[in-house]
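Hi there,

Here is the structure I promised to pass along. Have a look at it first, and then read on for what turned up.

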Amino acid sequence: MLALRIALRYLFSRKSHSAINLITLVAACGVGIITAAMICMLSVYNGFEGLVSDLTSRFDPDLRIQPTLGKTFHDSDTLRSALLSHPDVEAVGVTLEETVLLSYGGHQLPARMKGVDATFAQVTQIDNILLGEDGFLLKDEVADYCILGAGLASVIGINRGFVRPLTVFCPRLVGKGTVDLTQPEEAFSEANLYCSNIFMVQQADYDNQYFLCSLPMARQLLGDSLLTSAYELRLRPGANLSRVKRDLTVRLGLNSSPYAGGLEGVPSFSILTQHEQQADAYRIMQIEKWLTFLLVFFILLIASFNAIGALSMLIIDKEAQISTLRNLGADPSLIRRIFTCEGWLITGIGAVVGLILGIILCLLQQHFGFITLGGGDTTRYVVAAYPVLLHWSDALLTLLAVAAVGFLSTFYTVRSTL
């Protein structure tokens with residue numbers, strides 16, 4: 001307590017050289033600015049991650065059950081019934097995906113076909129991203145239809161309601177997923193589909209690659225009436241995603257074959273949450289986030305030299321007082337504690353002010369969005385302003401990082417000077 005009281009007096013008292021006060025102020029301001037920058041940077045990355053999650057959740061289900069090995073398996077009524085029997089599962093959809101070739105008006109383009117059943121509109125938020133007013137229409141008594149991603153439709157030159165169909169060429173699978181090249185005329189199947197609508201997720205991986213068709217049409221193209229790529233689940237509001245995933249894995253034994261329900265011949269499955277379905281994208285974002293954090297942390301290390309310089313000059317300025325304390329019986333450990341507290345005060349005040357400033361800036365941007373994207377031209381972007389999401393764990397991490405740098409710089413200065 002004595003060391004802290006003396007350190008406070010040294011910090012705020014007038015120095016023999018006014019430059020020492022200025023250097024101390026600059027050191028504290030430098031730490032504060034870097035602290036605020038770290039919090040804002042982490043919050044912006046959190047905001048972009050939340051934005052991507054919100055966009056992809058319109059097309060991705062809450063849970064996706066897919067085979068661990070291979071791309072497809074045969075649909076099982078028993079397994080679907082077992083999934084629906086879970087109290088937190090509201091709907092189960094069946095999907096089938098395959099890479100195909102689209103042809104329209106002289107344009108040919110590879111695309112990702114996704115055959116879906118009528119439950120797809122319940123499992124996902126597809127109705128919220130459809131651009132036309134015709135709704136989710138894949139088949140009626142007149143024809144078969146498809147719903148194209150906005151980027152895919154733009155490149156191939158088709159729009160909803162066009163009277164001319166596009167042609168889908170699909171490799172006909174025989175045996176275990178091989179193409180029979182000995183009979184080229186039988187290697188591919190084709191179908192004509194009319195564009196009934198266009199969806200826009202505002203994510204290139206979806207808009208530029210995917211189109212939807214009915215599940216029976218996809219199975220017809222692939223030549224197997226039971227072929228399935230995945231089960232897509234929608235959970236009831238308020239359901240705990242991790243708990244449901246863990247519960248389904250244990251109850252149905254989806255990671256073993258045959259699974260615990262007793263259905264033989266069922267391959268092993270994996271259950272993916274929305275985050276795990278886009279694991280690569282989120283992993284890249286996390287790598288970018290923490291590399292940027294390390295870069296700013298390196299700048300913090302450089303800024304800590306200001307604190308080292310300020311503390312060193314303060315020790316030199318207080319040589320007479322140090323000599324007086326020694327004559328009064330102060331041992332070296334007390335003197336070291338005084339200037340250790342001095343260094344902690346310089347970095348601590350800067351860190352606290354920076355923390356408060358960073359939190360205020362993040363909350364203002366989060367609620368009012370005063371920093372816009374594109375210099376005011378927001379028509380080209382998904383959101384008008386930089387998305388920001390403040391996580392208190394990031395604020396705590398930043399405070400710990402600044403405290404660690406402050407402790408090490410102070411410890412080094414005091415040990416090497418006194």
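Predicted model: local features only at pLDDT ≥ 70, side-chain atom pairs only at ≥ 80, totals over all residues.

Now to the helices. Helix α12 (residues 332-368) packs with helix α13 (residues 392-417) at an angle of about 155°, and their axes are 9 Å apart. That angle is over 145, so α12 and α13 are roughly antiparallel to each other. Their crossing is right-handed. By class, the contact of α12 with α13 has 11 nonpolar, five polar and two charged residues.

Helix α12 has another partner in α10 (residues 279-317), with an angle of about 140° and axes 10 Å apart. These two helices, α10 and α12, are therefore oblique to each other, and their crossing is right-handed. From α10 the contact takes A307, A310, L311, L314 and I315, while α12 supplies F339, E342, G343, I346 and T347. Seven of the residues in the contact of α10 with α12 are nonpolar, two polar and one charged.

As for the nonpolar cores, the largest has 45 residues, and L102, L148, F211, Y231 and L233 have the most contacts inside it. Strand β3 (residues 89-104) gives the most to this core, with seven residues. Apart from it lies another core of 16 residues, including L314, L325, L334 and C341.

Notes
Residues numbered from 1 in each chain as written. Heavy atoms only, no water. Axes fitted to C-alpha atoms, helices over the stretch in contact; angles between N-to-C directions. Helix = DSSP H or I, 4+ residues; strand = E, 2+ residues; numbered from the N terminus. Parallel < 35°, antiparallel > 145°, perpendicular 65-115°, else oblique. Left-handed = near helix turned anticlockwise from the far one by under 90°. Nonpolar A, V, L, I, M, F, W, Y, C, P; charged D, E, K, R; others polar. Core = buried A, V, L, I, M, F, W, Y, C linked by side-chain atoms within 4.5 Å. Buried < 20%, exposed > 50% of the residue type's maximum accessible area, 1.4 Å probe, protein only. Contact = heavy atoms within 4.5 Å.
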